[in-house]
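Hi,

Here is the model I promised to pass on to you.

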Amino acid sequence: MVEGGEEIDMPWGIVLKEALRNLFKKPVTINYPVVNVEAPEGFRGLLSFNISKCLGCGNCARVCPTNTITMVPSDKTRLKRAPRFELAKCVFCGSCVEVCPTKAISFTRNYHTAVLKKDELVINP
Ligand code: SF4
Ligand code: SF4
């Protein structure tokens, strides 16, 4: 082995002992995605939108720094418009969650953001 340009001699016995010791130890990594790990409380994962609480005010779209949210026509809200989310653009800043007067937007603990098509990360009202 070379450290700082100098060769360090390590007896093979020590190397072998270390290799065998690690062979029977539990792995320190997790076999993701085969094994799912739950994110902790308060984690900012993919957004969730509840249109039954939405007024259509547009506050969320106004504050979003990445244009993740656009307002589109909708008959389901009082002001006849509702947010559409392109979550591939979201940076999880939380501004839309904070500014929504009716708590229609919230974070989930879902961190599975790897998809084949960006459309899979769109929330249509
Ligand atoms: S969390 Fe931030 S970036 Fe994501 S949609 Fe809300 S305001 Fe936009
Ligand atoms: S801020 Fe809340 S109530 Fe207003 S449009 Fe966005 S989700 Fe709807």
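Below is what I found, going from the overall fold to the ligands.

First, the ground rules. This is a predicted model, in which local features need pLDDT of at least 70 and side-chain atom pairs count only at pLDDT 80 or more, while totals for chains, interfaces and linings use all residues. Residues are numbered from 1 along each chain as its sequence is written, and chains are lettered from A and ligands numbered from 1 in the order in which they are written.

The chain holds 3 helices and 7 strands, taken as DSSP runs numbered from the N terminus (helices H or I, at least four residues; strands E, at least two). Their order along the sequence is β-β-α-β-α-β-β-α-β-β. The C-alpha atoms occupy a box of roughly 75 × 30 × 25 Å along the principal axes. The radius of gyration is 24 Å, whereas a compact globule of 125 residues would have one near 14 Å (taken over C-alpha atoms; the globule rule is 2.2 Å times the number of residues to the power 0.38).

The largest nonpolar core has 13 residues, and Cys60, Ile69, Cys96 and Ile105 have the most contacts inside it. Such a core is a set of buried Ala, Val, Leu, Ile, Met, Phe, Trp, Tyr and Cys residues joined through C-beta atoms within 7 Å. At least two of its residues come from each of β3 (47–49), α2 (59–63) and β5 (81–86). Setting aside residues up to four places away in sequence, Ile105 touches Leu47, Phe49, Cys60, Cys96, Val97 and Cys100 (a contact means C-beta atoms, placed from the backbone, within 7 Å).

Now the ligands. Ligand 1 has 14 residues around it, with Cys64, Thr68, Cys90, Cys93 and Cys96 nearest; a residue counts if its C-beta atom, placed from the backbone, lies within 6 Å. Ligand 2 also has 14, and there the nearest are Cys54, Cys57, Asn59, Cys60 and Cys100. Asn59 sits in helix α2 and is partly exposed, with 18 other C-beta atoms within 10 Å. Beyond its neighbours within four places in sequence, Asn59 contacts Val99, Cys100 and Pro101.

Happy browsing!

Key
A residue is buried if 20 or more other C-beta atoms lie within 10 Å of its own, exposed if 12 or fewer, and partly exposed in between; C-beta atoms are placed from the backbone. Two residues are in contact if their C-beta atoms, placed from the backbone, lie within 7 Å.
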